[in-house]
Amino acid sequence: MRSFDKFKIWVLLICLVSQLGHGFYLPGSYPHKYGVGDFLNVKVNSLTSIDTELPYSYYSLPFCQPQEGVKDSAENLGELLMGDRIENSPYRFKMYTNETEIFMCQTKPLSGEEFKLLKKRIDEMYQVNLILDNLPAIRYTRKEGYFLRWTGYPVGIKVQDAYYVFNHLKFTVLVHKYEETNVARVMGTGDGSEVISTVGKGESEAPGYMVVGFEVVPCSVQHAPGLGKNLKMYNKYPTPIKCDPTTVAMAIKENEPVSFTYEVNFVESDIKWPSRWDAYLKMEGAKVHWFSILNSLMVVTFLAGIVLVIFLRTVRRDLTRYEELDKEAQAQMNEELSGWKLVVSDVFRAPSNPSLMCAMVGDGVQILGMGVVTIMFAALGFMSPASRGTLITGMLFFYMILGVASGYVAVRLWRTIYCGDHKGWVSVSWKAACFFPGIAFLILTTLNFLLWGSHSTGTIPFLLFVVLILLWFCISVPLTLVGGYFGAKAPHIEYPVRTNQIPREIPPQKYPSWLLVLGAGTLPFGTLFIELFFIMSSLWMGRVYYVFGFLLIVMILLVVVCAEVSLVLTYMHLCVEDWKWWWKSFFASGSVAIYIFLYSVNYLIFDLKSLSGPVSATLYLGYSLFMVLAIMLATGTVGFLSSFWFVHYLFSSVKLD
């Protein structure tokens, strides 16, 4: 009865929180109702380009500034790390009020530096990113009978030797009639619905609207310089403006001003609030994703067949045959043993650099756990692109919390290697807490200096650097030490066989064992290379990636393939009497990172042909190196833990003296 009362209390608390916050909606924010004539303020984000991958502030170019001055919008940790800088803009609409030929401003005559900078940004294909009610401006173009979607619009275009700027914007705002939300319909029905009040019941009957779409058509229109001198912002432009996106007319010239204008048209749409992000999140190539999954399943099935052969035919046959012999025959058989049975006294000998291995395995568990939890939350809609920065923020949060798992696994593995000795567990915990974050901090700091030298908004501010260091040493490190403490208290894994003091000599091999280890990474790479193309396109080509369900399936298949590959290779090494399996099992699956890095280089050369400048290429390679390091630790940990379980199971099933 008490548990039921507690359950009712929790339900009431959830209802209260939902009532106070008017419920919640995933993805994005709660619907905002605008009355006819209410002001809608457009915001601007950083200028971006797939040519340089260096974001810059919108107001770094000679654009019109708002009357109240430039103000930054509140940004979360993820937005700052992604280089987003959201600011107010002079573009202002009135709900459901169509306006045409609205004058914005006339710039001062372009100086030599402004003229060169504007031409440079046009050459580098920079895009202007506008936001209305949390929706990015979207642009549609037709090519070969297909409609293409783009977020933002280009600063300008170069035609022959002349540079033209897009100085007139034609906005289309899609709106949908506001539907009063009854909280009782959300929270429950029946008797409970009479208790919970209806939201907005007492409000006026005036119609309200929600923004469900934001489209832009950029035009280059020639304005007479003299007409804009006496006009104020938001005045009606004295001459008609014809927006034709197929022609350009406003050529920029040094010591000449540029006039900016816009028009806005409101269209009532059948698109409902929960579906307003469909135009952005729609990913092409669903069949390709399924092909990738089927390809991965074939690899998994092939490797699973090999594993079953090892277990059922080879290992089980040897064990059954050995158990059927009497003691004298066993003693005679011990003299005639071959293969993996000969390394029984060396198979659990401590590896070289054991503390480094423990730290890497601990970090791998932390990264793998972060990846699985983040993708699961993203697949459920909690980390939609509608909420900018939540994906990066969530990854940081889960990574720090899983420091407990990292410390626990690292220290427990340390105690297992040294047969229960808990000395040095603090040092191992510190290494686990600092190994991967330390390398990441070094890479990001180097890249940040490059961004700082380029005056890019992608530069991580100094205060944010301080915040990241505080999060590292005040949250992540203590949690890792706490996990290490529990790992020191937990019982270590006992080896099923004893280890001799003198190591057995490994016979010469017909082929280099490390060559086989490095080649093993091709199988895990084969399970994800198709999905990797979509991820790279999202990161570097400005496309939205939101098929986290596919990604979750591919990640599960990748874990299975890594475990199978490492297990098979470990068995092959033991069969040739090579007992140094610890590091080889780690890199057998972790070597997939090498192929991902090579794929990244290939993507840079053949897909990012427009990427210009050594700074852009260095940034790309630096971030790719950071990514493959995390993948190596995660996949290597999967391979090592599966091999450790296999070796422990194998030698605990046979009793050899």
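**Strand S14**

I looked up strand S14 (residues 208-219) in this predicted model and found that 10 of its 12 residues are buried, so the strand is largely enclosed by the rest of the structure. I take buried as under 20% relative accessible area, exposed as over 50%, and partly exposed as in between, with a 1.4 Å probe and protein chains only. Strands here are DSSP runs of E of at least two residues and helices are runs of H or I of at least four, both numbered from the N terminus. Two strands pair if DSSP finds at least two bridges between them. By that rule I noted that strand S13 (residues 168-177) is joined to S14 by 10 bridges and runs antiparallel to it, with Lys170 opposite Val217. Strand S1 (residues 34-35) is joined to S14 by 2 bridges, again antiparallel, and there Tyr34 stands opposite Tyr209.

**Ground rules I kept to**

Residues are numbered from 1 along each chain as its sequence is written. Because the model is predicted, local features need pLDDT of at least 70 and side-chain atom pairs count only at pLDDT 80 or more, while totals for chains, interfaces and linings use all residues; side-chain values use heavy atoms, with hydrogens and water left out.

**The open sheet**

I then traced an open sheet of 4 strands in the order S3-S2-S6-S7, with antiparallel pairing. Strand S3 (87-94) and strand S7 (135-136) each have a single partner strand and stand at the edges, so one side of each is left without a neighbour in the sheet. Further in, strand S2 (residues 39-44) pairs with strand S6 (residues 130-132) over 3 bridges in the antiparallel sense, and Val44 stands opposite Leu130 in S6.

**Two loop residues**

I checked Asp84, which lies in the loop between helix H2 (77-82) and S3, and at 17% relative accessibility it counts as buried. Taking contact as heavy atoms within 4.5 Å, and leaving aside neighbours within four places in sequence, I listed Asn45, Ser46, Glu75, Glu79 and Arg388 as the contacts of Asp84. Lys510, in the loop between helix H13 (462-489) and helix H14 (513-519), counts as exposed at 86% relative accessibility. From Lys510 to Val576 I read 9.8 Å, C-alpha to C-alpha, across 66 residues in sequence.

The axes of helix H12 (residues 425-453) and helix H19 (residues 614-652) come within 10 Å and cross at roughly 170°. The two are therefore roughly antiparallel, a term for angles over 145 degrees. Among the residues that meet are Phe435, Phe436 and Ile439 in H12, and Leu619, Tyr623 and Phe626 in H19.

Helix H15 (residues 522-540) bends by about 50° at Leu528, the bend being the angle between axes fitted to the seven residues ending there and the seven starting there. Leu528 is itself one of the buried residues of H15, which also include Pro524, Phe525, Phe534 and Trp540. After H15 comes Gly542, whose phi is positive, near 75°.

**Whole protein**

Among contacts between residues at least 6 apart in sequence, 84% join residues at least 24 apart. The accessible surface comes to about 33,200 Å², of which 63% belongs to carbon and sulfur atoms, by the Shrake-Rupley method with a 1.4 Å probe.

Terms used
Axes fitted to C-alpha atoms, helices over the stretch in contact; angles between N-to-C directions. Parallel < 35°, antiparallel > 145°, perpendicular 65-115°, else oblique.
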